[in-house]
Amino acid sequence: MTTPPIVCDALGHEYAGGVLALKPTTLTIQPGEVLGVVGQNGSGKTTLVKHFNGLLRPTSGRLLINGEDARPRPVHDLARHVGYVFQNPNHQLFATTVEAELRFGPTNLGLTPETVAERVQQATSFFGIEKLLTSHPYRLAFPLRKLVAMASVYAMGPDVFVLDEPTTGQDHAGSNMVRKLIERLREQGKTVVIVSHDMALIAEVADRVLALWAAEVIASGSPRAIFAEDRVMQRTKLYPPQITQFARRWAPASTRPLPLTVAEAAAAVLGEER
Amino acid sequence: MAQHLPIPVVFVPRNSFFHRLHPVPKLIWAVGAIVMAFATRNPLVLLVLFVLGILFIAGAGVMRAYGRVMLVLFPISLSLIVFQALAPAFPQPWTPIAGFGPFTIYQEGIYSGLSLLLRTFAGSNFAVLLVLTTHPADLFTALQKFGVPHELNFMVSASLQLIPIVQREFQIVLSAQRSRGMRATGFGAAIPSMVPVFAGTIERVQQLAMSLESRAFGSKGAKTSLREVRASAKDVIFGLIGIVVTVAVTVLVLQYQAQLDWSKTPFMPDWVSVALVAVAALTFIAFTIALWWRASRE
Ligand SMILES: Nc1ncnc2c1ncn2[C@@H]1O[C@H](COP(=O)(O)OP(=O)(O)OP(=O)(O)O)[C@@H](O)[C@H]1O
Ligand SMILES: [Mg+2]
């Protein structure tokens, strides 16, 4: 049995000034799991995931990283296990070339120059950004800049990736790219935590969904189960992906598994006609 | 999103006499205090001005906010006392008071350190009072009535608003760098964060300019204001007192300049001077160590 990479033990957070942003939450994230975190603005999603690499510290309860209490470990140390990709790539990028940007993280970890070069090479080919290496990050279009930001975290070789709103501000092609990357991280056995308002993305890639409402986790389960629960959807004021909504209206009393993607819905329709 | 931010100097809403006062008389006092503080180096005169400022601030009920602002000046003022005592900004010869080992404390240094310190605080007290008790919009509306151009007012207030935004941005960027394994200690650690912060700020300012243009910022004609500022008799009186006090004190102080120059007068017993310098030096060292220790634990 492998140790879960992240365990929250009654973890709660209250910001200075008395805002209770996260009520005590108990949660185990399994290795290789893709976890979606959803909820309205201000429900505490970012607050929860910022604990995973120590950017925030629990004001109550505990956080275990690979089975060890994270309390004494600074952010730059936790960063080797948990990579955090910020929503806005502009907050992350500062170097004059993409290559220097990729080197920054692994160099900070104190790796040898050979290992750093190897990590940069791996990240470059994983993200397919060979052509961008000499470009200035600020000259790149937004989706590519986001890609570079993700690659710069990938180069550090963490087992867990936290992605805060990876598809916000991306066009269709951009969000498809993000989807593919998440799938490939899954294939590599990485654990991925995605905070998002993009329900179609969550429905497609997440193994499990965590629904937050008013600083509290009110539901946790497979996307199919969560999107079928009217009570959760109404409280969080979230809407399942359009195709799921459509399928529910079209066959409300359906006993079939609820389709989450167009492909699943199409398969269901074709199956019925046959 | 309501975020908790360490903003250094901002308006503190209260309902005191000073809050209800028209901004212009407060501005007169702020300018007057600076004029008076720079007219003399006499520690006693400066002390009186300083205490008056403190009384006003206490009367306005903004003592805590004032304390937070002045905490920033605290280490600098301690070092002023110490360094001036050891090496006065005065022409030689200096009058020694006491010595420990290689260090000698001079009378001129004590005088110069104390007067610089008191001058800084006495001069800034009333300006801080103005900022803490006046809604920025009221200040600018009032100034506009006196013919200060709307654009200038806007420029100042927009830059002031930018400070907390840049602070927050800096914090986000710093945490992004730490997430990539950077050890956040010392000034060197902040350098990689400069690029994103400044690039972001420039972008923001450009966007602000465009959004202003699209809301007719450059249109001709008088601008109206949502907030109204009226002057009453008490405002006029308070402003006039400010002018009279400033003029009178400045004239008197300049007239009796020779008598008020205490640079060679031992106005405090020697042991008080020595104790003052020793306490300042020790506190300064303790403060530096505490800061350094906190930074290294980040
Ligand atoms: N630094 C802070 N200081 C004080 N309160 C904060 C701070 N950051 C967030 N909050 C508050 O905590 C609550 C949760 O915020 P959080 O950022 O976790 O929400 P979120 O679910 O990520 O929202 P969004 O979808 O808008 O990103 C909000 O009420 C917010 O105002
Ligand atoms: Mg968020």
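Is A:T261 buried or exposed? Let me start there, and hello, everyone. A:T261 counts as buried, because its relative accessibility is 17% and the cut-off for buried is under 20%. Please keep in mind throughout that what you see is a predicted model.

So where does this threonine sit? A:T261 belongs to the loop of chain A that runs between helix 10 (242–250) and helix 11 (262–273). Leaving aside residues up to four places away in sequence, A:T261 touches A:E204 and A:I243.

A:A200 is in helix 7, residues 199–205. A:A200 is partly exposed, since its relative accessible area is 31%. If we again skip residues up to four places away in sequence, A:A200 touches A:R179 and A:P241. Now look across to A:A214: A:A200 and A:A214 are 14 residues apart in sequence, and their C-alpha atoms are 23 Å apart in space.

The other one is A:L144, in helix 5 (residues 142–154) of chain A. A:L144 has 31% relative accessibility, so it counts as partly exposed. From A:L144 to A:V193 we go 49 residues along the chain, and the C-alpha atoms are separated by 21 Å.

Next, some backbone geometry. Most residues other than glycine have a negative phi, and most peptide bonds are trans.

A:A215 has a positive phi, near 70°, and is a residue other than glycine. You will find A:A215 in the loop between strand 9 (208–213) and strand 10 (216–221) of chain A. A:A215 is buried, as its relative accessible area is 6%.

A:K237 is not a glycine either, yet its phi is positive at about 55°. This lysine, A:K237, lies in the loop between helix 9 (230–236) and helix 10 of chain A. A:K237 counts as exposed, because its relative accessibility is 58%.

For the peptide bond, we move to chain B. B:Q92 and B:P93 are joined by a cis peptide bond, with omega about 0°. B:P93 is in the loop between helix 4 (63–86) and strand 1 (96–100) of chain B.

While we are in chain B, let's take in the whole chain. Chain B has eleven helices and two strands, and from the N terminus on the order is α-α-α-α-β-β-α-α-α-α-α-α-α. The C-alpha trace of chain B spans about 65 × 60 × 35 Å along its principal axes. Of the 298 residues in chain B, 39% are buried. Among contacts in chain B with a separation of 6 or more, 76% are between residues 24 or more positions apart.

One last stop: a pocket. Rolling a probe the size of a water molecule over the atoms shows where empty space is left. The second largest pocket has a volume of about 910 Å³. Which residues lie nearest its centre? They are B:P136, B:A137, B:F140, B:S157 and B:Q161, out of a lining of 30 residues. Helix 5 (107–133), helix 6 (136–145) and helix 7 (150–178) of chain B each give at least two residues to this lining. Helix 7 of chain B gives the most, with ten residues.

Terms used. Residues are numbered from 1 along each chain as its sequence is written. Chains are lettered from A and ligands numbered from 1 in the order in which they are written. This is a predicted model: local features need pLDDT of at least 70, side-chain atom pairs count only at pLDDT 80 or more; totals for chains, interfaces and linings use all residues. Side-chain values use heavy atoms; hydrogens and water are left out. Helices (H or I, at least four residues) and strands (E, at least two) are DSSP runs, numbered from the N terminus. Buried means under 20% relative accessible area, exposed over 50%, partly exposed in between (1.4 Å probe, protein chains only). Contact means heavy atoms within 4.5 Å. On a 1 Å grid over the protein atoms alone, a cavity is a set of points where a 1.4 Å probe fits but cannot get out, and a pocket is an open set with protein on both sides within 12 Å along at least five of seven lines; lining residues have an atom within 4 Å of a point. Grid points are joined across faces, edges and corners, and a volume is the space filled by probe spheres set on the points.
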